[in-house]
Amino acid sequence: MAINIIIYFVFQNFMERDDNIQHLPQFNENFITILKHYPSNSLEDSILHPILSFFHKIFGSNIASIVNLLKINCKEEKNDVLTKLNQLLQVSIHVIDGYSGLIDYLSNLGILKLSYVKSVLTTLPSVLFLAFNHCNESEKLYGIYFLSNTVNLTSLFRKSYEISNIFYKWIDDCIHFDFERDDDTNVLIKALETLYSVGEIVVRLDIKTMVEQWKSLVKLTSKYACFLKFRLDISVPIKFLCSSLQNTIATLMVEEKEKNAKLKLRDVKLANFQLKVIVKLCEMYKGYLNGSEDSLLHLLLLLNRCSRLGSKVGDTEIERFVVVGAAPLLSHLLEDRSFLERFTIVADNIHSLSPEEAVGFLFTHLRLLKFLISCNDEEIKGSWLKIPLLSNIITLFSMSYSILNLNTKIEGTDSYTTLISISVAFMISCLSCEQFVETESTLIEHLFTSHLQTGILISDIMCLLGRLTNEEVCLEETKFLCHILCNLDCAGMQRPEACIVGLTAGRLFHLLSKNGQDIIEKQFQLHLHPHLSFYLNHDFIMSYDMINNVLLTKDNKKCSSHQFLQMIESVTLYNNINDEETYKKLSDAFIEMWIGFESYQRNSVRQPDWWYYIFFLFTKGIPKYYGEKGNSMIKKILIDLLDLSMLKQSSINYYICVIVKNLAQSIISLNDSTVSDIFINCISSSNFLIKQIAIESFVYFANIHHDLLRNASNDVNTEYYISDYYKKIPLCGAINILNLSNAFIHKCYFQDLDIPPNKRIKYDSEGEEIGLLFSKLVDCIKEIKEFSINRNISSKGMEMINSAISDLTKLKIEK
């Protein structure tokens, strides 16, 4: 009892002395000896609380004094300032030493209740925060005094790093927390929150320190997760790490990083470590991530897009060390309701995403589908199935296709194949009957899109679905598409969406059994629907019923445009009419249709939209039927085409060139200038695409009928363009299509242009290193000048400066 009273008065006297800071090293030496006279259960109240509170107060006061001393415009001599800074830093280091000796002693006492040593956890984290933060800001804060205090600052950082490591180990090995007591829980939570702030600081200091700090933090946080998850705000470290990781990935995306392989590999491994920490925290605090879901979702979008946008980003190291973490991260977020809510909000506003974000969200959806396929928890699966995931995937694909790298491998398979297979597997394994029907409707809706790539994607999904499911599903899909094609207006048959629907129907048709194909043939009477038969690639000889239907329609003066179009299609789509009598009837019918059509256009002021489609059909039919009617009938057709060419309509002239080119083999001889006049009219077109096609068709025709060159020689314009074509001189005027000025015309268009050879740019790594050294030299000179302002430089100092100048003048310049 007597010795305790003596020790108490010694402590009291030490803390009340004005010069107690100067005697801190001596106090530290006796501190541990004094502790040995107290039992463990009385350390907190008797010794630790007063002494550590004093230590904490001294350390905070010293750091504040240093900041104030450096920030004010001090009129003191520089040496006086350096002396004060040295004293303050030395005291701060002694405080760290005191904590270090204390934890070494406490570690030897074995497992202790938190209540015995509570002050260590309430004061040391704050001291570490102040120490690391001061080291982090020191270079900027100290300015001209930084170099003079490097030794003390380095010592402060090293000792803080060492004490933090033994502190974490001591808590993990020797402290017993009674989580039934609110006080224990509150102390640990408060300590962790401060240590998270320490972790944020050390990320900017040193990679080794950062790794050690966060390893220890995650270990401690995970160990007591079951007790802390209800009260600890885990979103603080997660949001910080997500932001830091995104910045690290951003530096990896910068092209300049590729020049330094070591620096790049360091950043990749740093990103890998940060991602591991995030995944571990999400795993241990699953379901209690409130506040961090937005950061986690944006991180997932970044991870899933950073290797799929092109060669600049898609590096093997990033894929192997960083992107690989996206899957485990997402797996720990599936059952978090706050993450689901945030995901739903983004999905509802999917059209507001940029193409780059759409890529990330697309592959996030794919990973999500993959998890749901193997998920056995019906409650989790049911929650996610409320989102139209497959519809989102299709929309995201449409938004991001232009920048999406579909050759990217996902687990050894290209991303496009993976996209299709996962989507189909999800439909088969996860959807109920009602959801399956609803998703089928969504697919059909997206199939009718003018976006070609999206239509092809839907077609591939539907075909794989038909292959992997039963005959009934495939048959119903085929019936539905055939029904659409039968009711589609003929004028729209050549639209992209109609072609995609037709090709999809044809692919599904050939997945059916013979019985299924027979059902389609009987139900839709393919001989009455030539386009449907064409898409299904269904080979059969044209029946006499079909021929009679064509002839009856041809004689019906009141037939609709739809019937007229079907009649022409019927004649142009078939190539297997072997019967001569049938062929003669169809040929005569086709000629009459052409005459009627040509008369109609002569009497029309403006052609309707379907007129061009009819002309397209005649383009395919004329070589087939007119070629058998002799030169007199072809001459009649050529005269009609000449009249049409005078309309100067690009869409008409295009088909005219095609028709005349296809008739080259059927024409026996050229007795007049009809063909040459047609080509002259087309070549004189202001549309350079039509001009180019007309020239190519002219040359093809002239290779068969040499008289064409002579007949066209009277036209100077045509002769000029044909001559250039034979000389392989391109149409210079066509460059106007791109609206380019002369400044951007390629040099091959200029004949006598003296262009010097391209110079190779050399990367001078040695020059860059010299530049860095020179910038450091300039900084040193500035510091010497600032030093000389406050006081005179001694003669010894001047000798050193002159010697350095002399050494610089002796440098040899390489010639």
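Contact here means heavy atoms within 4.5 Å. The legends below describe a predicted model, in which local features need pLDDT of at least 70 and side-chain atom pairs count only at pLDDT 80 or more, whereas totals for chains, interfaces and linings use all residues. Residues are numbered from 1 along each chain as its sequence is written, and side-chain values use heavy atoms, with hydrogens and water left out.

**View 1. Overview of the protein chain.** Among contacts between residues at least 6 apart in sequence, 76% join residues at least 24 apart. The secondary structure comes to 37 helices and 4 strands, taken as DSSP runs numbered from the N terminus (helices H or I, at least four residues; strands E, at least two). Of the 815 residues in the chain, 46% are buried, that is, under 20% relative accessible area with a 1.4 Å probe, protein chains only.

**View 2. The largest nonpolar core and a second one.** A nonpolar core is a set of buried Ala, Val, Leu, Ile, Met, Phe, Trp, Tyr and Cys residues joined through side-chain atoms within 4.5 Å. The largest holds 180 residues, of which V120, Y142, F167, W170, L329, F361 and W384 touch the most other members. Helix α4 (residues 78–107) gives the most to this core, with 14 residues. Once residues up to four places away in sequence are set aside, F361 touches L297, L301, F343, V346, A347, I350, L353 and L396. Another core, of 28 residues, lies apart from the largest one and has L638, I652, C682 and I722 among its members.

**View 3. Packing of helices α32 and α33.** Helix α32 (residues 674–683) and helix α33 (residues 688–704) pack at an angle of about 155 degrees, with their axes 8 Å apart; the axes are lines fitted to C-alpha atoms over the stretch in contact, and angles run from 0 to 180 degrees between N-to-C directions. The pair is therefore roughly antiparallel, a term that applies to angles over 145 degrees. From α32, residues V675, F679, C682 and I683 meet I690, K691, A694, I695, S697, F698 and F701 of α33. The residues of this contact divide into 9 nonpolar, 1 polar and 1 charged, where Ala, Val, Leu, Ile, Met, Phe, Trp, Tyr, Cys and Pro count as nonpolar, Asp, Glu, Lys and Arg as charged, and the others, Gly among them, as polar.

**View 4. Surroundings of F240.** F240 is found in helix α10 (residues 235–253) and counts as buried because its relative accessibility is 18%. Leaving aside neighbours within four places in sequence, F240 is in contact with G199, E200, V203 and W214. The C-alpha atoms of F240 and G199 are separated by 9.6 Å, although these residues stand 41 residues apart along the chain.

Key:
Buried means under 20% relative accessible area, exposed over 50%, partly exposed in between (1.4 Å probe, protein chains only). Angles under 35 degrees count as roughly parallel, over 145 as roughly antiparallel, 65 to 115 as roughly perpendicular and the rest as oblique.
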